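Hi everyone, thanks for coming.

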Amino acid sequence: MTRFWTRLIVVLTVILGVNYVAWRWMASLNWDAWWIAVPLVLAETYSLIDVMLFGLTVWNIKFRKPPPPAPDTATVDVFITTYNEPLDLVMTTALAAKNITWPHSTWILDDGDRPEMRQLAESNGIGYVTRGADWTPDMPRHAKAGNLNNALMVTSGEYLLILDADQIPEPDILDKTLGYFNDDLVALVQTPQYFINVPADDPLGSQAPLFYGPIQQGKDGWNAAFFCGSNAILRREALMQLGLVGYVKATEKSIKRALAASKQAIKKARRSPEAENPLVEQMLNDVEAATESAQKELQDGASLSEITYRVRRKVDDAVRTLVAADFSALQSDLEEIAAMELAHVGESGVTTVASDAVDRMSGRDWSPLGALESVHAVLDAISVERTDEAQPIMPLATISVTEDMATAMRLHGLGWKSVYHHEILANGLAPEDIKTMLTQRLRWAQGTMQVLLRENPLVQRRLKWGQRLMYFSTMWTYLSGFAAVIYFAAPIIYLTLGILPVNSISFDFFIRFIPFMVVNQLLFLVAGHGIPTWRGQQYSLALFPTWIKACTTAARNVWFGRPLGFAVTPKARQSGGPSWSLIRPQIIVAVLLAVALIVGLIRLLAGMSEPLGTLVNVAWVAFDLVVLSVLVKAVLYKGFVPESGPEDVGPERPEERNADAV
Amino acid sequence: MQFSYEVKDSYAEVKSVGRLNMVAAPKLREVVAEVVAAGSSRVVVNLAETDFMDSSGLGALIGCLKAARQAGGDLRIAAVQPQVKMVLELTNMDRVLTAYATAEDAFGDD
């Protein structure tokens, strides 16, 4: 039944929304003030697309029944990822994980490599993993994705339950989820992330009831439920397959690129002073011949290991022959010297070149070739060892700081299925101060934008259209910062300057706008079964500086290789007084809104503006201020205080706990 | 799953018998590391009696290939069975590894 009503309201929203926005474009623009009229209509179009994508998401909302039992042969590794969280917090989670009823091995994946952590793990019979010897300091570490990829190589369970250090699992988490894997194509089961240290009014907007509810259930209906980094179970085979496919792709690309660049590199080397040495010149000729034949073999479809092996073999042979020739000349010189000065040689006989000298001097770094950096780099890249990564197989995607989303998208691209299980099976800790919260939101937004810019879901040919739109939909919501700025600016401009972005505020406007707004809110109400969504709506506008910063930093990172300024979200509350400076842009906007309110009223009294326009814009400003007011609460928030004694584990939310029973 | 190895004239042959899956994968890495450390960096993994391989098994082969290459040698596979051939193709790994007909053929050309 819910599904029917939801779909009906989706249809109505789309009809009324298109009716309003089309009219805005075609008949309402005030071209005299195009500089605000066009941005505003673009922002409204953005919002319409946003709500249409939400409508599409909930169109296929899926309420799953409990899965069948899993075969009792299924083996599981439970991974607890940590970097710098307090030891007791990690151990609380680890011991709860150890108590999971389904037979499993528990592992602490400690990226902080802390001896105390290791000791605690071992004394409690819990496995302990840190980065292996391959993760030398010059290799990219890839944060959590790297931590998981490292652990995948040293464990062997069929399934992996991934938990953040603060996510305390219920003992039956595996009993309730493993059965989904009876379907051989299921690669991922995601359960909600729920936080127990959040008061009922949720000042920091930590709970995401809309996301871990209708949105994930809707995405599930399109076989696009996301992986969210924690509280999820993954199939090892699927991840490893992803790692292999990625390895082949990366290797092929790097070899092709190196072969294509080799001509240029050799040309450059020939112009260098070292190339005047006839020995070096001969080597360069041999290297060129080797890369040319490799290019031909690649076209003929030879395997990459054969091609790279032969190049290496030919180059090594050439270097060896020439170095050996050099040494034999040296040796005969030595013998001549010895013959001339026979009397001085004594017991030791003729001085000889050390027998391993040729080997030593033929090594990549010592040979004359080593001095020619450009050639050296090309030869290094013609390899199947993936020398730019610590390990050749990297199952979890490393293109984004939100490795979870990127990984899920690639799994879907390979044809795997995902499941969203709507039942809280782990209880976590949310940030308790605005600074940490802002860091976390920034990171999520940056990661999401990285995925959009690196692997735009709309052009992933192996994804179904529904899946493409589900990924795109989440990315689209992170563009809201730009729209928010315009929504704040437009009423300020009207109230202070009297410039209206529309032709007139008339009956035509209200008859189109109000029904759309009403049905829009109704959609959230029906699709969400009345769960609180207001906090989320506030934050999507109020955090506009964070969203904009995420977009610009991610674009700089992807296009120009600049660092993101990555930060691990601290789990402990940051100390210090209220940090108003963190929301400076929002305070400025709020002041401007308040000033506009006063100026607007003065202009009205002075007869400089029309009452209806002023009324609409005053209402708009009031709405903006109410939206921004959430931040005052957030800045003043002093951390979580349990409402009824320490035994209480936190407020239960039955409506969040099980909505399956619909 | 069982691994055994034999050092021949110009290469070492590692025989893999049974299922080369996520449980056996770490073992294969160990065996090949041992062979390479003992001085045989030219390794053939004979898969004639490997009737099943999964992605973890293939991942281990890549890890072993890296180890052999870094020691200046090579790792090759021989005598793949139909299921293994299918997995190689499914993951595009046939672009990387040539499957030789027999262990003797693997280093036949050099």
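Let me start with a question: how many residues does the contact take from chain B, and how many from chain A? The contact takes 24 residues from chain B and 25 from chain A. Two residues are in contact here if their C-beta atoms, placed from the backbone, lie within 7 Å. On the chain B side, the elements that give two or more residues are α1 (25–37) and α2 (55–70) of chain B. The largest share of that side, 10 residues, comes from α2(B). By class, the side of chain B that touches chain A has 10 nonpolar, eight polar and six charged residues. Nonpolar covers Ala, Val, Leu, Ile, Met, Phe, Trp, Tyr, Cys and Pro, charged covers Asp, Glu, Lys and Arg, and the others, Gly among them, count as polar.

Quick housekeeping. This is a predicted model: local features need pLDDT of at least 70, side-chain atom pairs count only at pLDDT 80 or more, and totals for chains, interfaces and linings use all residues. Residues are numbered from 1 along each chain as its sequence is written, while chains are lettered from A and ligands numbered from 1 in the order in which they are written.

Now, chain B as a whole. Its secondary structure comes to four helices and six strands, in the pattern β-β-α-β-β-α-β-α-β-α along the sequence. Helices (H or I, at least four residues) and strands (E, at least two) are DSSP runs, numbered from the N terminus. The C-alpha atoms of chain B fill a box of roughly 30 × 30 × 20 Å along the principal axes. Of the 110 residues in chain B, 53% count as buried, meaning 20 or more other C-beta atoms lie within 10 Å of a residue's own C-beta, with C-beta atoms placed from the backbone.

Over to chain A. Helix α7(A), residues 236–271, has 36 residues and reaches 51 Å from its first C-alpha to its last, close to the 52 Å expected at 1.5 Å a residue. That expected span is 1.5 Å times one less than the number of residues. And where does α7(A) bend? The bend is at A:Ser262, by about 40 degrees, taken as the angle between axes fitted to the seven residues ending there and the seven starting there.

Last stop: an open sheet of three strands in chain A, ordered β5-β10-β7, with mixed pairing. Strands pair if DSSP finds at least two bridges between them. The edge strands are β5 (168–169) and β7 (194–195) of chain A, each pairing on one side only. Two bridges join β7(A) to β10(A), and these strands run parallel.

Terms used:
A residue is buried if 20 or more other C-beta atoms lie within 10 Å of its own, exposed if 12 or fewer, and partly exposed in between; C-beta atoms are placed from the backbone.
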